[in-house]
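Let's take a walk through this fold together. Please keep the sequence and the 3D view at hand as we go.

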Amino acid sequence: MHEMGIAQNILDIALNAANQEGATKITRIDLIAGELRGLVPMQLSFCFSIVAKDTIASGAYLNIEEVPVTGHCNACNSDFPVEEYQYLCPKCASTKIQVTGGTELRLKDIEIE
Ligand SMILES: [Zn+2]
């Protein structure tokens with residue numbers, strides 16, 4: 001499952017950050033996930049609870065903030081949100097679209113004790 005590897009990555013980063021702060025417990029993790037990552041938040045939370053078991057992040061709440069897909073038109077230079085994977089410029093109908101957002105996956109913040 002692709003979520004399992006991602007959950008492990010998130011855990012590693014969170015544990016590392018908590019370690020540097022000398023934390024004894026991670027209570028919450030805020031995550032930024034681009035829509036194009038195709039993550040299923042419930043599945044990711046489930047996988048996270050498995051990999052975090054027996055670590056200081058056990059029981060931590062995983063908050064996933066989804067970032068929409070955005071595009072840039074190379075023909076008319078406009079920026080716009082891409083809806084339902086329609087890679088077409090809403091202004092000039094060009095298909096020369098560059099995806100500028102929606103692929104990110106990073107840790108925004110953690111809450112520790
Ligand atoms: Zn355009």
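Which residue in S4 does Gly71 stand opposite? Gly71 faces Phe80. Before going further, a word on what you are looking at: this is a predicted model, in which local features need pLDDT of at least 70 and side-chain atom pairs count only at pLDDT 80 or more, while totals for chains, interfaces and linings use all residues. Residues are numbered from 1 along each chain as its sequence is written.

Helices (H or I, at least four residues) and strands (E, at least two) are DSSP runs, numbered from the N terminus, and two strands pair if DSSP finds at least two bridges between them. Step back, and you will see three strands in an open, antiparallel sheet, ordered S4-S3-S5. Strands S4 (79-81) and S5 (97-101) stand at the edges with a single partner strand each, so one side of each has no neighbour in the sheet. From one strand to the next, the twist averages 35° (axes are lines fitted to C-alpha atoms, for helices over the stretch in contact, and angles run from 0 to 180 degrees between N-to-C directions).

Now follow the loop between S4 and S5, where you will find Tyr85. Is Tyr85 buried or exposed? Tyr85 is exposed, because 8 other C-beta atoms lie within 10 Å; a residue counts as buried with 20 or more such neighbours within 10 Å, exposed with 12 or fewer, and partly exposed in between, with C-beta atoms placed from the backbone.

Leu44, Cys47 and Phe48 are buried, and they fall within an arc of 105° seen down the axis of H2, so they line one face of the helix. That arc is taken from the directions from the helix axis to the C-beta atoms. On the other side of H2, Met42 and Ile50 are exposed. Helix H1 (2-20) and strand S2 (61-67) are among the elements covering the buried residues.

Phe48 touches Ala7, Ile10, Leu11 and Leu62, leaving aside residues up to four places away in sequence; contact here requires C-beta atoms, placed from the backbone, within 7 Å. Phe48 also has a place among the residues with the most contacts inside the largest nonpolar core, which has 18 residues. A nonpolar core is a set of buried Ala, Val, Leu, Ile, Met, Phe, Trp, Tyr and Cys residues joined through C-beta atoms within 7 Å. H1 gives the most to this core, with six residues.

Note on methods: Two residues are in contact if their C-beta atoms, placed from the backbone, lie within 7 Å.
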